[in-house]
Amino acid sequence: MAAENPVESLQEEATCPVCLEYFTEPVTLECGHNFCRACISQCWEGSATAASCPQCRETVQQRNLRPNRQLANVLEIAKRLSLQAAKGAGGDGVCGEHQEALKLFCEEDQTPICVVCDRSRAHRAHTVVPIQEAAQEYKERIQAHLKTLREEREKLLGLKTIGEGNSQEYLKQTQTERQKVVSEFQELREFLEEQERILLSQLEKLDEEIVRIQNENVSKLSEQISHLSELISEMEGKCQKPASEFLQDIRRTLSRCEKGKFQQPEEISPELEERVSDFSHKTIVLLETMGKFKDSLPSALETKRGGSLGTFRQVNVTLDPDTAHPDLVLCKDRKRLRLGDTRQQLLNNPERFDTAPCVLGCEGFTSGRHCWEVEVGDGRYWAVGVARESVGRTGGISYSPEGGIWAVQRWVDQFWALTSPVTPLPLSRAPSRIRVCLDCDRGQVTFIDAGDEAPIFAFPPGSVPGERIRPWLWVWGPGSRLRLCP
């Protein structure tokens with residue numbers, strides 16, 4: 001079929017009918033048909049003498065292959081014309097092998113090809129479409145991908161903005177915490193310096209009192225010793241006199257020798273001893289409290305930072321009604337409890353506390369770092385903490401780590417850590433909300449004032465055993481209510 005334009009007709013005439021590509025070393029047979037030298041040689045392999053033309057099947061008696069130089073020249077002209085036509089039409093490039101315009105696209109090989117490539121063995125069985133059509137199809141696919149990529153970029157930009165905002169917020173929080181630490185430790189330093197001044201002043205007064213008594217006693221004793229020395233000397237001299245003279249005024253002499261005539265030195269008064277003993281006790285308590293505070297300070301500060309930056313996982317704690325003492329009233333949400341007016345008739349089960357007005361949380365923990373908050377309000381009789389799941393439920397229980405309970409307590413206006421013996425807590429104010437921080441991995445529980453993030457008390461690491469631990473609440477007296485914060 002004739003080509004639609006002269007250039008394509010010329011390309012067809014310059015194409016070998018065997019390989020369907022431009023002629024390479026074109027040769028002419030006796031019948032007048034042209035072939036590549038390599039193509040016709042391959043067709044005639046195995047034939048001894050006679051052969052036939054692959055195109056017209058005419059028998060060729062002699063293998064007389066005449067080079068067709070004119071066709072070789074036409075071939076070069078066809079290649080140049082194809083190249084010029086491609087450039088003039090603004091084509092998408094030229095085939096590096098055939099110097100033809102890349103007007104087609106092979107779907108299997110995913111590459112642009114020319115019309116000669118389309119007729120070659122390499123692409124003969126492949127699906128080929130016009131290059132503009134393929135370009136439009138792939139542009140649409142790329143545009144769809146671009147939409148997704150732009151959306152992803154917008155998400156990442158949003159995350160970057162959020163991340164930068166969070167970083168700034170965290171920096172503000174750390175700056176606030178820094179100011180709190182500086183302020184609180186400045187107050188602590190001032191408090192300790194004031195306590196030091198008071199204690200040293202009291203010690204100085206005690207020293208002066210002791211020295212005064214000692215000096216007075218030394219003076220009195222020296223005076224008595226001198227008087228006795230004189231009396232002894234006088235009595236020794238009197239004993240050397242004759243009997244008649246010695247016995248003169250003997251009653252007066254004996255009276256002077258009586259012990260009752262000599263005053264005993266003043267002793268340390270019981271009041272002063274009591275003052276010294278009381279001062280020593282106060283000093284011991286203060287130093288022990290400071291020592292426990294120093295031991296718990298790193299973990300308390302760590303917990304405080306964890307509470308604000310999230311290293312402790314905040315958990316939603318609810319109360320277990322099966323463990324509640326019959327005097328306790330639990331609300332339906334299992335978040336609040338108070339001491340009831342009358343004892344409730346509840347099912348007697350081994351999990352229930354039967355003497356102590358306390359209750360366990362439903363949740364139990366064996367690993368990880370967890371925290372929750374309890375609102376204590378202005379109640380004056382309560383205790384908050386944790387207990388091991390095997391804590392005693394019947395009869396008298398020990399409110400201490402030995403009894404399986406780690407907690408802090410308020411009794412009237414006194415605050416205690418339920419150690420053995422209890423440890424007084426010198427709090428500057430009564431907390432209204434307490435954060436309980438349980439670190440199962442370190443075996444430690446710490447208590448924080450959730451209002452101002454001030455540490456309250458920390459049991460030392462390793463004091464909480466590696467068994468299942470549950471929240472524990474205790475309440476007593478009128479007006480005392482506890483609420484687990486959501």
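Which residues in α5 are buried? The legends below take up this point and others, using a predicted model.

**Figure 1. Overview of the predicted model.** The protein has 486 residues, of which 32% count as buried. Its secondary structure consists of eight helices and 22 strands. Of the contacts between residues at least 6 apart in sequence, 58% join residues at least 24 apart.

**Figure 2. Helix α5, residues 131-239.** This helix contains 109 residues and reaches 153 Å from its first C-alpha to its last, close to the 162 Å expected at 1.5 Å a residue. The buried residues of α5 are Ile131, Ala134, Tyr138, Leu199, Leu206, Ile213, Asn217, Gln224, Leu231, Met235 and Lys238.

**Figure 3. A nonpolar surface patch that includes Leu159.** Leu156, Leu159 and Ile162 make a patch of about 320 Å². Leu159 lies in helix α5. Leu159 counts as exposed because its relative accessibility is 55%, and the cut-off for exposed is over 50%.

Figure 4. Beyond its neighbours within four places in sequence, Leu473 is in contact with Leu319, Leu337, Pro357, Cys358, Val359, Val374, Ala383, Val384, Leu482 and Leu484. In soluble globular proteins, nonpolar side chains tend to be buried together.

Note on methods. Residues are numbered from 1 along each chain as its sequence is written. This is a predicted model: local features need pLDDT of at least 70, side-chain atom pairs count only at pLDDT 80 or more; totals for chains, interfaces and linings use all residues. Side-chain values use heavy atoms; hydrogens and water are left out. Contact means heavy atoms within 4.5 Å. Helices (H or I, at least four residues) and strands (E, at least two) are DSSP runs, numbered from the N terminus. The expected span of a helix is 1.5 Å times one less than its number of residues. Buried means under 20% relative accessible area, exposed over 50%, partly exposed in between (1.4 Å probe, protein chains only). Patches are made of residues with over 30% relative accessible area and no salt bridge: like charges are joined within 9 Å, nonpolar side chains (Val, Leu, Ile, Met, Phe, Trp, Tyr) within 5 Å. Accessible areas come from the Shrake-Rupley method with a 1.4 Å probe; for residues, only the protein chains shown count as cover. A salt bridge is a side-chain nitrogen of Lys or Arg within 4 Å of a carboxyl oxygen of Asp or Glu.
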